Amino acid sequence: MQRYLLTRVVQSLFLLLGVLIVVFFLVRLTGDPTSLMVAKEAPAEQREAFREAMGFNRPLIVQFLDFGAGILRGDFGDSLHFRQPALELILERLPATFYLATVALLLAIVIAITIGIIGGSNPGSAIDSLGRALGLFGQTIPNFWLALILILIFAVNLGWFPSFGRDTSISVVLPAVALGFGSMGQLVRLTRSAVLEIRNEDYIRTARSKGISQFKIGARHVFRNASLALVSVISIQYSYLLGGSIYIETIFSWPGLGNLLQQAVDGRDFPLVQAIAFFISFFVIALTLLTDVAYALIDPRIRYSS
Amino acid sequence: MTAATPQVGFDEFEEQTWQKRLAYVGRLLQRDRGGMLGFILFILIVLTAIFAPVIAPHDPLKQNLRAAKQPPAWQEGGSWEQPLGTDTLGRDMLSRIIFGTRVSLTVGFFGVLIAGTLGMVSGLVAGYVGGRVDGAIMGVVNIFLAIPYLVFVVVVAAILGRNLLNVILIFGITDSPIFARVTRGEVLRIRESGYVESAVSAGASTGRILFDHILPNLIGPLITLATFEMSAMIFYEAGLSFLGLSVPPSVPSWGNMLQVGRQYLTIYPWIATWPGVAIAITALTFNLLGDWLRDVLDPRLRRSRK
Amino acid sequence: MEPILQVRDMVTRFYSVDGVVHAINGVNFDLYEGETLAVVGESGSGKSVTMMSIVNLIPQPPGKVEGGQAIFSYGEMAQDLLQLSEDEIRHVRGGQIGFIFQDPISSLNPTMTIGSQIAESMTEHLGFSASEARSKTVELLRNVGIPDSERRFNAYPHHFSGGMRQRVMIAIAVACRPKIVIADEPTTALDVTVQAQIVDLVKRLQEQMGVAVVWITHDLGVVAGLADRVLVMYGGTVVESAPVDNLYEDPRHPYTIGLLKAIPRLDATGEAETEELEVIEGVPPDLYQELTLCPFAPRCGYAFDRCWAEVPPLIEVGVQHGAACFYDVERGGPRNGS
């Protein structure tokens with residue numbers, strides 16, 4: 001168990017190092033990053049001064065070590081646009097993104113698992129059809145378009161929810177629905193197929209032979225086993241939501257990381273872009289690690305057999 | 001439960017000819033309404049893309065400020081001259097949607113072609129050679145998969161700049177790790193199967209095993225994956241366009257249209273509506289097709305899914 | 001003595017995409033209080049499906065019980081189980097009729113403690129509180145031979161060996177003191193040494209509780225020391241039904257005769273008998289076809305024209321002894337009136 005955890009931690013550290021390398025070299029993909037960050041029309045002396053100031057004229061390896069050492073110290077560089085440390089900006093925006101992604105995920109989980117278990121237990125029923133439709137639409141309706149349609153209907157026409165910002169407690173509703181819709185579809189599909197599979201397991205027949213009610217079989221026997229299959233998927237969906245909120249945050253002017261990334265990309269503020277990309281990847285890696293740990297704790301078979 | 005297992009008769013072993021297989025596929029299509037719908041839509045979409053100049057009623061780029069901002073024909077002020085209305089510059093929505101098919105399919109097709117080729121080759125090498133080569137390839141693959149896909153694509157697109165070739169390359173490269181992972185998994189699974197082991201022990205050469213045993217078994221899962229990934233790429237391309245990071249604004253792509261539509265969402269909602277519908281229908285098509293292909297191409301699933 | 005369960009003309013079919021599987025084609029049998037009835041047949045003969053059909057345990061769809069009766073009577077009560085709603089039959093299942101399945105590894109929920117899996121049916125049917133059910137469960141675990149039962153209550157199935165898990169399954173089956181226990185090949189998946197222990201355990205519990213046991217098996221060999229009566233099934237029908245001694249000494253159906261010749265026997269000295277084992281030629285019946293003839297006719301050396309034209313009913317050939325055959329093996333010719 002401890003050895004397993006240790007291996008996973010070391011693996012995650014290597015992944016982080018890899019991400020660091022990728023992020024560092026990405027902005028050098030087209031050669032000198034100066035050309036990315038400074039307008040082409042700028043006079044040569046200005047470009048040279050910028051190059052000097054950013055240290056882009058040093059050998060690549062020195063730049064990389066400097067970059068890595070900075071990150072170890074918590075120095076992610078300064079935003080060109082905001083003229084303040086990238087880390088400050090990120091930490092400022094982080095809670096909003098976490099909040100949005102969490103609400104979206106919870107919404108998706110509650111709806112998807114309920115529909116998935118009830119539908120999967122009664123194939124062909126109305127709820128099952130609803131689940132299948134949700135599963136299909138979740139994968140086929142782009143969330144940025146769904147966001148626009150939701151604004152059109154619920155903000156503009158009905159006026160129930162605000163169409164942008166984070167000023168009231170119900171501001172989160174539309175962005176969360178738009179963001180979580182795809183995950184909901186994915187989770188419904190998975191829950192449904194897990195339930196269909198579990199329904200054929202011998203231990204469900206045993207439960208039926210004991211005369212346990214359909215509801216209790218669903219809530220106790222099916223749910224427990226399905227949730228094992230869902231834990232890892234939910235974690236993947238969460239990292240997807242954290243990293244995927246860029247459209248939604250932009251559309252709803254949600255003051256989160258995705259919005260910041262969009263602004264940084266728009267303003268060619270690449271130090272900030274680098275920092276955000278690294279940070280989001282860091283969260284995703286950490287989340288995966290946590291999931292594996294949680295898995296080892298939840299599943300009695302893993303816990304005892306190691 | 002044993003009684004439900006049908007007795008295997010000798011007629012199951014009759015020889016398979018191409019005609020019989022084709023007839024079998026036909027029967028599978030008849031049986032699966034979703035697959036049938038996906039198949040028909042797919043053909044229609046491809047034809048639309050190829051014959052766009054013939055089908056489109058107007059030049060998608062031609063501006064006509066006098067006819068600008070016209071609603072769809074069935075709304076007040078609309079005309080059948082422009083059945084789906086016009087955008088803010090008076091360009092015909094229907095024609096632009098039709099030409100948008102070209103951008104989406106081009107990105108999807110070539111993106112998947114590149115990603116599939118790169119991924120399949122590296123996955124094959126990793127899975128077949130094993131050892132350190134496997135470790136190195138999968139290490140890189142895992143690093144790329146650790147960076148949230150959307151963030152990755154957005155950053156690379158921002159660095160490389162807006163043109164069709166760049167967009168295709170971005171998707172082709174960033175999506176290849178998924179193909180590599182699936183290929184490697186399949187190769188390992190096939191390698192451990194009894195028939196490959198017996199072929200190895202019978203002294204078959206590496207090339208023979210690769211071409212006779214492994215490649216034929218890879219085609220099914222990879223084609224299925226390609227279908228789903230094509231759908232995902234069409235999504236992501238639209239998303240990039242929507243953020244202003246894909247093809248130049250002059251090109252009639254669905255994402256570009258959506259971006260314009262977003263700005264006029266409350267006044268001229270149809271401008272944002274149609275491209276979204278087009279994306280959703282295309283994604284639906286590829287998903288239905290993918291689901292069906294998975295059934296047809298994966299003999300392990302074929303029996304259980306019918 | 002009145003039978004506790006009377007099954008009449010039961011028909012079960014499975015509607016698969018490939019066609020209709022005629023799994024059970026008019027099964028008749030009685031089960032008496034406290035007795036052990038062995039149901040013997042090869043896979044596909046319908047022995048499990050018959051028992052599952054009685055308590056609505058077959059998967060539906062594709063399965064469907066399409067006809068017949070299963071009268072369950074105890075005390076003053078008599079009810080046709082096939083007419084009950086799912087909610088009514090549910091309380092018979094587990095409450096009055098317990099099940100032991102073949103594979104104790106897959107038949108227990110891997111994510112629930114074994115104690116809670118036993119206690120569950122007590123709270124469901126007997127209305128026990130959680131603590132009552134817990135103490136009864138611990139008692140029951142001890143009774144089925146699981147040492148240290150207090151602590152084992154919280155163990156998960158994968159902590160147990162196959163034999164121990166089967167003991168847990170047995171505890172589940174008898175948790176509510178049912179009138180009938182249906183044991184579906186309960187020893188097939190176990191080691192030979194464990195098999196005997198499980199058989200002994202079931203017999204002991206049967207005596208303690210006075211429960212009738214239906215023992216489903218494909219192995220006529222284990223039946224001898226176990227059963228009071230035997231039901232031989234073939235092609236979804238009962239082909240012979242007899243007290244166990246009669247069946248071994250005086251089998252009347254050609255299929256039963258063939259089966260008995262296929263069992264290796266040890267004589268009194270423990271030496272294997274030199275007599276050669278025989279196999280029954282041919283393949284099991286195609287269940288996709290509706291049954292219009294004797295299901296065994298294609299493999300039967302005695303078959304004559306009538307066997308190919310109609311399905312033989314169970315004909316009384318002795319005391320409590322029935323055989324579904326138009327041919328009288330004793331006399332060596334078609335039965336009277338055939």
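Author: A charge is said to sit over a ring if NZ of Lys or CZ of Arg is within 6 Å of the ring centre and within 35 degrees of the ring normal. In this predicted model, the charged end of Arg28(A) is placed over the ring of Phe24(A), 3.9 Å from its centre.

Reader: Which ring face does Arg134(C) lie over, and at what distance from the ring centre?

Author: Arg134(C) lies over the face of Phe153(C), and the distance to the ring centre is 4.1 Å.

Reader: How many aromatic pairs does a search of the whole structure find, and why is the pair of Tyr99(A) and Trp254(A) given the name it has?

Author: Over all chains, the search finds 27 aromatic pairs. Planes under 30 degrees apart count as stacked; the rings of Tyr99(A) and Trp254(A) have planes at 15 degrees, with centres 6.3 Å apart, and therefore this pair is stacked. The pair links distant parts of the chain, since Tyr99(A) belongs to helix α5 (residues 86–121) of chain A while Trp254(A) is in the loop between α11 (246–251) and α12 (257–266) of chain A, 155 residues apart.

Reader: Are Tyr99(A) and Trp254(A) buried, exposed or partly exposed?

Author: Buried means under 20% relative accessible area, so Trp254(A), at 0%, is buried, whereas Tyr99(A), with a relative accessible area of 36%, is partly exposed.

Reader: What is the arrangement of the rings of Phe279(A) and Phe282(A)?

Author: Their planes stand at 50 degrees and their centres are 6.2 Å apart, so the pair is tilted. Both residues lie in helix α13 (residues 270–298) of chain A, three residues apart, which is about one turn of the helix. Phe279(A) counts as buried at 10% relative accessibility, while Phe282(A) is partly exposed at 35%. Both belong to one aromatic cluster, whose members also include Phe76(A) and Phe98(A).

Reader: In what order do the strands of the open sheet in chain C run, and which are the edge strands?

Author: The open sheet has eight strands in the order β6-β7-β8-β3-β9-β10-β12-β11 (chain C), with mixed pairing. Its edge strands, β6 (97–100) and β11 (315–318) of chain C, each pair on one side only. From one strand to the next, the twist averages 25 degrees.

Reader: Which helix packs on the sheet and touches β6 and β7 of chain C?

Author: Helix α6 (residues 162–174) of chain C does so, and its direction makes about 170 degrees with that of β6(C). Helix α7 (residues 192–209) of chain C lies across β3, β6 and β8 of chain C, running at about 160 degrees to β8(C).

Note on methods
Residues are numbered from 1 along each chain as its sequence is written. Chains are lettered from A and ligands numbered from 1 in the order in which they are written. This is a predicted model: local features need pLDDT of at least 70, side-chain atom pairs count only at pLDDT 80 or more; totals for chains, interfaces and linings use all residues. Side-chain values use heavy atoms; hydrogens and water are left out. Rings of Phe, Tyr and Trp (its six-membered ring) pair if their centres lie within 6.5 Å; planes under 30 degrees apart count as stacked, over 60 as edge-to-face and the rest as tilted. Helices (H or I, at least four residues) and strands (E, at least two) are DSSP runs, numbered from the N terminus. Buried means under 20% relative accessible area, exposed over 50%, partly exposed in between (1.4 Å probe, protein chains only). Two strands pair if DSSP finds at least two bridges between them. Axes are lines fitted to C-alpha atoms, for helices over the stretch in contact, and angles run from 0 to 180 degrees between N-to-C directions. Contact means heavy atoms within 4.5 Å.
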